[in-house]
Amino acid sequence: MSDSGCAEVESTWETTIVEGASGRRSGLLLITAIVLSYAFGVTGRDLWIPDEIRVGEIAREMYSSESYAIPTLAGEPFLEKPPLYHWSVTACYSLWGVSAVSARLPAAIYGLLGLLFFFLLARRLAGSRVAHVATALLSVCYAFITLTHQALVDSPLATFVIATLYAWVAFEQRRSARAAWGWTCLAGIFLALAFYSKGVLGLGLPIAVGGVYALLRRRSDLLLRAIPLSGLTAVACLVPWFGAIFQQGGSEALTLVLWDNTLQRVLPFVGGDYSGGHERPFYYYLLQLPGILLPWTVLLVAAMRGHWKGRRGETLPGRRFAAIWFFVGLGLLSLVGTKRALYLLPLLGGAALYVAVWIEPILSGRVGADRFDRLCWLLTLLVLPGATLGYAGYALATDRSIPMAVLLALLVLGGVALVFQSWKSEERWIRTGVGGWLLALTMWGYAGGVILPADNDQQSGREFCEAVDQKVPAGAALISFLPNEALLAMVPFYTGRQPLPEWDIDAMRKRLQEPGPVWVVTIERLRGGREPYLLEWLKPARPEVVLDGTADGGTYRLLLLRGGEVDASSKSKSPLGREDRVFPDGPLGREITR
């Protein structure tokens with residue numbers, strides 16, 4: 001071999017060693033930072049209204065009854081969501097007891113598992129360095145880190161959507177027929193787990209993304225073989241649960257799962273007028289994205305411009321897949337009848353990968369470092385003062401000390417200074433990562449240590465429920481009159497007492513015919529919901545407001561009524577003069593008349 005050939009081999013070997021060492025260092029830094037970030041927010045607060053407390057109570061009832069097929073709330077079947085997350089919480093209850101931490105811990109575990117699958121997927125698509133950047137971006141994304149720190153079914157949904165896409169990409173890059181069958185079956189299992197997380201969305205979202213990707217890539221084996229076979233495998237995994245539902249609840253329960261809470265919830269135009277609530281215009285998610293993608297919202301816009309205008313002729317591995325994942329998923333969710341910001345959680349990986357494919361060459365110093373330097377300065381000038389002043393104002397408004405706000409501002413400024421100092425250094429990659437993580441972890445640490453505990457008083461009904469338990473005598477009946485899901489869940493979760501739910505006014509009149517005190521918990525006012533008519537209607541029973549509390553925009557009250565003073569034969573009207581008609585849906589989704 002010639003001297004030049006030996007020199008080239010030696011140079012390549014040295015480069016490989018350096019890049020491998022750098023990759024290991026950055027990987028270790030990434031893992032450490034992610035684990036530290038997940039230490040904030042899981043503990044130190046109660047389950048919040050309305051979603052977390054409902055999930056926690058459903059799992060508590062499942063744990064107490066040892067009935068795992070059909071979730072229940074207040075003893076009634078609750079089939080709005082499949083039971084995977086409830087099963088996970090039940091397992092934690094059996095290990096560590098019933099608590100807010102046990103209810104929230106599975107979400108954090110699913111979040112970490114989702115980051116692992118995302119890293120593996122990004123590495124297959126675009127290489128190790130892009131995978132590091134993409135995983136770092138996803139792990140500090142506002143929506144991802146907050147939603148995977150809450151007891152929500154969306155955390156396992158995002159995890160298994162990512163896992164399904166990873167299995168299909170691995171199928172595409174397979175090296176043997178045996179591997180192809182293995183990845184296809186594994187994708188089917190992940191697809192079934194996605195359905196067990198949140199129903200039909202867990203099937204439709206990965207199939208839509210994978211199908212469009214296979215179509216544009218002209219991969220008939222993926223489109224006509226892997227995806228259909230994975231779907232059949234998923235259906236086979238779902239049959240036992242459907243059978244258990246039919247055995248315990250009959251055809252009515254099965255129809256409720258497959259029709260009301262699946263097709264009509266996602267596509268309300270297929271029949272009926274039920275869409276699961278949360279009806280919003282098709283452009284709703286476009287208004288939510290700027291806040292959801294913080295702190296790298298602007299980078300997505302810059303990446304879109306860079307991909308479209310600056311590098312149309314370049315081959316960027318993973319760019320097409322990331323674009324399909326995010327934009328096809330966004331379009332699909334915009335067509336769905338129900339919309340909430342947290343439904344975007346399974347799409348955040350696509351956005352992070354899309355940005356990472358554009359930004360990694362810049363961070364590596366290969367192209368456009370001066371442009372990125374100017375962009376970061378612009379972001380600092382626009383975002384940093386607002387964020388610092390906002391956090392400072394929040395700290396002062398919640399009676400937090402001025403030194404805390406000043407310390408936060410100094411730490412944030414120090415992190416930004418470290419980031420920009422790295423542009424003058426030869427160790428740009430490592431120092432930028434350290435600086436960026438100092439900035440991000442400072443914000444999340446402040447949120448976990450200051451903002452979340454302050455919000456806990458407004459988002460948790462624990463104090464109200466504990467006061468109810470002290471006021472109502474032991475053994476006395478407690479009625480929850482016209483309750484919402486939060487009221488049905490929070491009283492038994494925090495007190496162990498199961499109120500008797502009452503949705504029918506005639507039945508309530510009969511209860512009040514009997515002499516003696518009647519203890520009632522109810523929600524008097526709900527943001528955007530029911531009129532404050534209850535006290536007006538209950539005036540003949542001389543209601544006494546014993547306790548009241550506010551949480552998540554609702555006013556919850558404990559009333560003491562005097563029985564024997566209400567005429568059961570009278571037909572009352574609401575305070576507004578209308579005949580009493582229909583209340584919000586009960587646990588089974590049925591109409592409740594009065």
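Where does Pro50 lie? Pro50 is found in the loop between α1 (3–37) and α2. The legends below start with the whole chain and then turn to single places.

**Figure 1. Overview of the predicted model.** This is a predicted model, in which local features need pLDDT of at least 70 and side-chain atom pairs count only at pLDDT 80 or more, while totals for chains, interfaces and linings use all residues. Residues are numbered from 1 along each chain as its sequence is written, and side-chain values use heavy atoms, with hydrogens and water left out. The protein has 21 helices and nine strands; helices (H or I, at least four residues) and strands (E, at least two) are DSSP runs, numbered from the N terminus. Of its 594 residues, 51% count as buried. Buried means under 20% relative accessible area, exposed means over 50%, and partly exposed is in between, with a 1.4 Å probe and protein chains only. Among contacts (heavy atoms within 4.5 Å) with a separation of 6 or more, 73% come from residues 24 or more positions apart.

Figure 2. Most residues other than glycine have a negative phi, and most peptide bonds are trans. The bond from Ile49 to Pro50 is cis, with omega near 0 degrees.

**Figure 3. Two residues with positive phi.** Glu66 is not a glycine, but has a positive phi of about 55 degrees. Glu66 sits in the loop between α2 and β1 (72–73) and is exposed, at 59% relative accessibility. Ala74, also not a glycine, has a positive phi of about 55 degrees. Ala74 belongs to the loop between β1 and β2 (76–77) and is buried, at 14% relative accessibility.

**Figure 4. Helices α2 and α3 packed together.** Two packed helices are described by the angle between their axes and the distance between the axes. Helix α2 (residues 51–65) packs on helix α3 (residues 84–96) at an angle of about 65 degrees, and the axes are 9 Å apart. Axes are lines fitted to C-alpha atoms, for helices over the stretch in contact, and angles run from 0 to 180 degrees between N-to-C directions. The crossing of α2 and α3 is right-handed; a crossing has this hand if the near helix is turned clockwise from the far one by less than a right angle, and is left-handed if anticlockwise. On the α2 side the contact residues are Val55, Gly56, Ile58, Ala59, Arg60, Met62 and Tyr63. On the α3 side they are Tyr85, His86, Trp87, Val89, Thr90, Tyr93 and Ser94. Nine of the residues in this contact are nonpolar, four are polar and one is charged. Here Ala, Val, Leu, Ile, Met, Phe, Trp, Tyr, Cys and Pro count as nonpolar, Asp, Glu, Lys and Arg as charged, and the others, Gly among them, as polar.

Figure 5. Side chains of opposite charge can pair when their charged atoms come close. A salt bridge is a side-chain nitrogen of Lys or Arg within 4 Å of a carboxyl oxygen of Asp or Glu, and by this rule there are 15 salt bridges. In one of them, Asp51 meets Arg340 at 2.7 Å, N to O. Asp51 is in helix α2 and Arg340 in the loop between α13 and α14 (348–363), so the pair ties together parts that are 289 residues apart in sequence. Asp51 is buried, with a relative accessible area of 11%.

**Figure 6. A salt-bridge network with five residues.** The network links Glu172, Arg174, Arg217, Arg219 and Asp221. Arg219 pairs with Glu172, their closest N and O atoms being 3.3 Å apart. Arg219 lies in the loop between α9 (200–217) and α10 (220–266) and Glu172 in helix α7 (residues 154–172), so this pair ties together parts 47 residues apart in sequence. Glu172 is buried, with a relative accessible area of 9%. Arg174 pairs with Asp221, with 3.0 Å between the closest N and O atoms. Arg174 is partly exposed, at 26%, whereas Asp221 is buried, at 17%.

Figure 7. In α7, 19 of 19 residues are buried. The expected span of a helix is 1.5 Å times one less than its number of residues. The 19 residues of α7 should therefore span 27 Å, and the end C-alpha atoms are 27 Å apart, which agrees. Buried residues of α13 include Phe321, Trp325 and Leu333.
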